Amino acid sequence: MKARVLAMLLAAAVIAAAGVSAAQLAPISWTCPMHPDVLDDRKGKCSVCGMDLEPVRLVTVWTCPVHGVIFEPEPGKCRICSRQLVTATMALTWTCAGNKQVNQIEPGVCPDGSPMAAKYSPRPHGDHNPKHGGIFFMAPDNWHHIEGTYPAPGRFRVFIYDEFSKPLALSKARQVRARVVTKEGLASTPLLLVRSGTFFEARIDQLPLPAQMTAKISFGPDDKESRFDFAFPSYSKDQPAPSPAPVSTSSGRAQPSPAAPAEGDVAALVSELKTREAEVNSLVKSGAFGSLYVPALQAKDLALEIQAKAANQPALESPVKQIVVSAYLLDSYGDLGDREKIHEASRTFSAAVSALETLVARR
Ligand SMILES: [Zn+2]
Ligand SMILES: [Zn+2]
Ligand SMILES: [Zn+2]
């Protein structure tokens, strides 16, 4: 399961990087119709169920957290409500305005002679953005998603979503068992489904900020409990007012800013890498796990660039590899909100950054 998540993240990262040059078409990936998290760069069979993989063209688009009809190639504001756009992974196909049945992976010309139009379809796990100003995690079952919010002192809410990050159907929500623990060893408080079925809520102690709590959730009768560690730096605001600040590292999934400086010598890249490492450590400390992927993936790019610039130094290979792997683990465990695994990955990450720094200084 873990390998599958990692493979998915690797593929998504590569695609996100490729999507920057919007003029080119994103490459075709291969996926299982039953297991959307199985992705490969070539035709073959699903590693889980053996079905034939199908082609899909995955692209990163900017969309409104509220208005799913908005697709933009670049960051900006929603044309309808002027909220800040967020990234989502979608499948790109081609269709004809006059015949929506047309849905093909290569662009072409419609029967009436007009060029086919791009069509974006949401993908399972293509959207990991919080919907209520909270902290968003993917469940270890690789299917459910949850969002925790701390809207007011002593009040904790959990929203549960399906693989498309849409609210869970009421019949499914009724099968969820959830509780919250504010301190390990203390009794848990049940999270109860509110009458409208839109979220679960518990009254807990009034915790000082940053408020730390752990939700323990089982998604069905035979499901074992999964844990999600939260640390709320401030009270959650539902549907936050549009803000002019493009990047915020404290609220949910922020947008990665362009990572590495295009040029600059190795020493400058190493100092940039140290800055990212410090960001990772401060996010780990504050419990803002959902934002870890931003500095972690930037650090990964920097490490690879350092390796490329210092071409004939085989000694760099091992720390660079460790940085890359632990960066992906930080991204993946950050999504899952697994505090213990995150701490472990961040220790490996920091040790590898230090090792790289020492090797470069020795040159
Ligand atoms: Zn499959
Ligand atoms: Zn909007
Ligand atoms: Zn997901």
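The 4 donor atoms around the zinc ion (ligand 1) subtend angles of 106 to 114 degrees, which makes the arrangement tetrahedral. Four donors count as tetrahedral if all angles lie between 85 and 135 degrees; four count as square planar and six as octahedral if opposite donors are over 155 degrees apart and all others between 65 and 115, and anything else is irregular. The model is predicted: local features need pLDDT of at least 70, side-chain atom pairs count only at pLDDT 80 or more, and totals for chains, interfaces and linings use all residues. Residues are numbered from 1 along each chain as its sequence is written, chains are lettered from A and ligands numbered from 1 in the order in which they are written, and side-chain values use heavy atoms, with hydrogens and water left out.

The zinc ion (ligand 1) is held by C32 (SG), H35 (ND1), C46 (SG) and C49 (SG), at 2.0 to 2.3 Å. Donors are N, O and S atoms within 2.8 Å of the metal (3.2 Å for Na, K and Ca); water is not among the atoms, so sites may look incomplete. Along the chain, the donors of the zinc ion (ligand 1) show the spacing C-x2-H-x10-C-x2-C. H35 sits in the loop between β1 (28-31) and β2 (39-40), and C46 in the loop between β2 and β3 (54-63), so the pair ties together parts that are 11 residues apart in sequence. Helices (H or I, at least four residues) and strands (E, at least two) are DSSP runs, numbered from the N terminus. C32 counts as buried at 2% relative accessibility. C46 is buried too, at 5%. C49, at 36% relative accessibility, counts as partly exposed. Here buried means under 20% relative accessible area, exposed over 50%, and partly exposed in between (1.4 Å probe, protein chains only).

The zinc ion (ligand 2) has C64 (SG), H67 (ND1), C78 (SG) and C81 (SG) as its protein donors, 2.0 to 2.4 Å away. The site of the zinc ion (ligand 2) is tetrahedral, with angles of 106 to 114 degrees among its 4 donor atoms. Its donors follow the spacing C-x2-H-x10-C-x2-C. Both C64 and C78 lie in the loop between β3 and β4 (86-96), so the pair ties together parts that are 14 residues apart in sequence. C64 and C78 are buried. L85 belongs to the loop between β3 and β4. L85 is buried, with a relative accessible area of 2%. From L85 to F71 the C-alpha distance is 9.2 Å, across 14 residues of sequence.

A search of the whole structure finds 1 disulfide. The cut-off is a pair of cysteine sulfur atoms within 2.5 Å. This disulfide joins C96 to C110, with S to S 2.1 Å. The pair links distant parts of the chain: C96 is in strand β4 and C110 in the loop between β5 (99-104) and β6 (117-122), 14 residues apart. The link of C96 and C110 is left-handed, at -105 degrees about the S-S bond. C96 is buried at 3% relative accessibility, and C110 is buried at 5%.

The structure holds 10 aromatic pairs. Rings of Phe, Tyr and Trp (its six-membered ring) pair if their centres lie within 6.5 Å; planes under 30 degrees apart count as stacked, over 60 as edge-to-face and the rest as tilted. F156 and F230 form an edge-to-face pair, 5.5 Å centre to centre with 65 degrees between the planes. The pair links distant parts of the chain, with F156 in strand β9 (residues 155-161) and F230 in strand β14 (residues 226-232), 74 residues apart. Both residues, F156 and F230, are buried. Ring pairs link F137, Y150, F156, F228, F230, F232 and Y235 into a cluster.

Backbone geometry was also examined. Most residues other than glycine have a negative phi, and most peptide bonds are trans. A cis peptide bond joins L209 and P210, with omega about -5 degrees. P210 lies in the loop between β12 (200-203) and β13 (211-218). N142 is not a glycine, yet has a positive phi of about 60 degrees. N142 is in the loop between β7 (135-138) and β8 (145-152) and is buried at 7% relative accessibility.

Overall, the protein has 6 helices and 14 strands. Of its 363 residues, 46% count as buried.
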